[in-house]
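Please open the model in your viewer and keep the selection panel at hand.

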Amino acid sequence: MRRGGPGLEYHLLVLVTLGLVAFGLVMVYSASSARAALAADDPAYYLKRQALYAVVGIVALVLLARTDYRRLRFAVAPLLLGSFVLLVAVLALGTPINGARRWLTYGPITVQPSELAKVALAVWIAAYLARRPAPQTIGELLRPIGLVIGAAFALVLVEPDLGTAIAIAIMAAAVLVVAGTRLSTLAGTAALGTFVVLAAIWVEPYRRERILSFLDPWQDPQGAGFQSVQAMLALGSGGFFGVGLGESVQKVYYLPEASTDMIFAIIGEELGLIGAFGVIAAFVAFGYAGFNVALGCREPFGKLLATGITALVCGQAAVNVSAVMGIAPLTGIPLPFVSYGGSSLVVALASVGILLNIATSDAKENRAELPDRRRRDGGSRPARARGRRVAGSPGRGRRVRRSA
């Protein structure tokens with residue numbers, strides 16, 4: 001039986017999250033200092049911005065960890081509607097960077113709506129399935145879960161942002177499995193979704209080039225396969241212990257997006273197999289703690305929401321690491337807590353705050369219903385004062401009569 005206070009999962013989530021954030025600050029500085037010195041005459045330019053994002057994210061984490069997660073049910077409609085408005089707005093008003101419209105810029109503030117949409121969809125699908133039975137046929141799954149998730153999926157693909165779309169699909173599948181949807185239904189839906197994704201890849205020339213370069217990046221090492229080849233060279237040159245922190249060669253105008261999407265390659269080059277394995281182990285520990293929180297939560301909304309948040313973080317990490325290692329095509333998705341990026345870091349830390357509140361709420365419920373081991377029926381003991389007996393208590397009267 002669990003004790004009344006926060007358990008192992010709570011402390012493990014806090015330790016892993018803060019450890020990854022601190023490690024990310026070090027690696028962001030290492031991966032970006034050379035470029036920042038040449039471009040902005042300040043080697044710590046990106047480090048300062050990432051540290052500011054980390055502070056904002058930790059404040060959000062603390063606030064949400066102290067706020068009852070059940071209140072999110074009342075914010076489901078505004079969150080979902082607001083995320084769709086932002087996903088549409090970024091297509092018309094977004095700042096184009098590297099051919100993609102993923103960011104809304106207002107002065108010094110840059111927001112990536114797809115990051116907010118991921119969490120909004122996790123809250124919505126958890127709230128929906130907490131009130132209704134899990135869909136058991138493809139028709140039931142498509143209305144309305146398939147329509148809502150599919151609409152967000154399509155808007156994210158148009159930006160284009162295939163990595164975030166895959167993370168949303170992983171999150172939805174995990175929540176549906178925990179809710180009780182049959183695996184055969186999910187397999188049929190996955191086959192339909194795979195067909196849509198392949199069609200989206202084929203009609204977009206840059207996505208088609210990425211798939212073909214993934215199959216054989218050395219066929220065009222200076223063109224479509226350049227990023228994959230440079231990532232492989234970075235990981236391979238790191239060896240077992242790495243070339244040393246700050247000593248990477250690939251980060252200096254060889255590996256594109258060294259501080260964002262491809263930061264895992266710099267970790268492998270500078271810290272070697274030991275560093276890369278440590279990062280993977282940290283996300284495995286996060287998944288273990290997060291899914292244990294979900295399994296231990298008896299409230300349906302909390303169980304499904306904890307599952308969705310954990311699947312988002314671990315699924316995104318798996319997609320990023322697989323792409324860098326050449327196991328999957330490059331999708332342009334950051335490594336949670338580690339890659340440079342304000343929206344990704346702040347939203348990820350805020351999500352962990354919700355997860356921590358679910359863990360502590362479950363612990364409080366267990367403490368409130370702690371059974372009395374001295375009762376044979378296992379019931380809870382009644383509340384009573386622990387002070388001394390009052391002068392007029394029945395026990396004291398019996399003792400006085402005996403003495404007389």
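**The sheet and its surroundings**

Begin with the open sheet of three strands, whose order is β1-β2-β3 and whose pairing is antiparallel; strands here are DSSP runs of E with at least two residues, helices are runs of H or I with at least four, both numbered from the N terminus, and two strands pair if DSSP finds at least two bridges between them. At the edges, each pairing on one side only, are β1 (95–97) and β3 (109–111). Neighbouring strands of this sheet are turned by 40° against each other on average, direction ignored.

This is a predicted model, in which local features need pLDDT of at least 70 and side-chain atom pairs count only at pLDDT 80 or more, whereas totals for chains, interfaces and linings use all residues. Residues are numbered from 1 along each chain as its sequence is written, and side-chain values use heavy atoms, with hydrogens and water left out.

Next select β2 (residues 100–106), which runs antiparallel to β3 and is joined to it by three bridges; Y106 has I109 of β3 as its bridge partner.

Move on to S114 in helix α4 (residues 113–131). Is S114 buried or exposed? S114 is buried, because its relative accessible area is 0%, and buried means under 20% (exposed is over 50%, partly exposed in between; 1.4 Å probe, protein chains only). Leaving aside residues up to four places away in sequence, S114 touches L87, V156, E159, D161 and T164, a contact being heavy atoms within 4.5 Å.

How values were computed: Axes fitted to C-alpha atoms, helices over the stretch in contact; angles between N-to-C directions.
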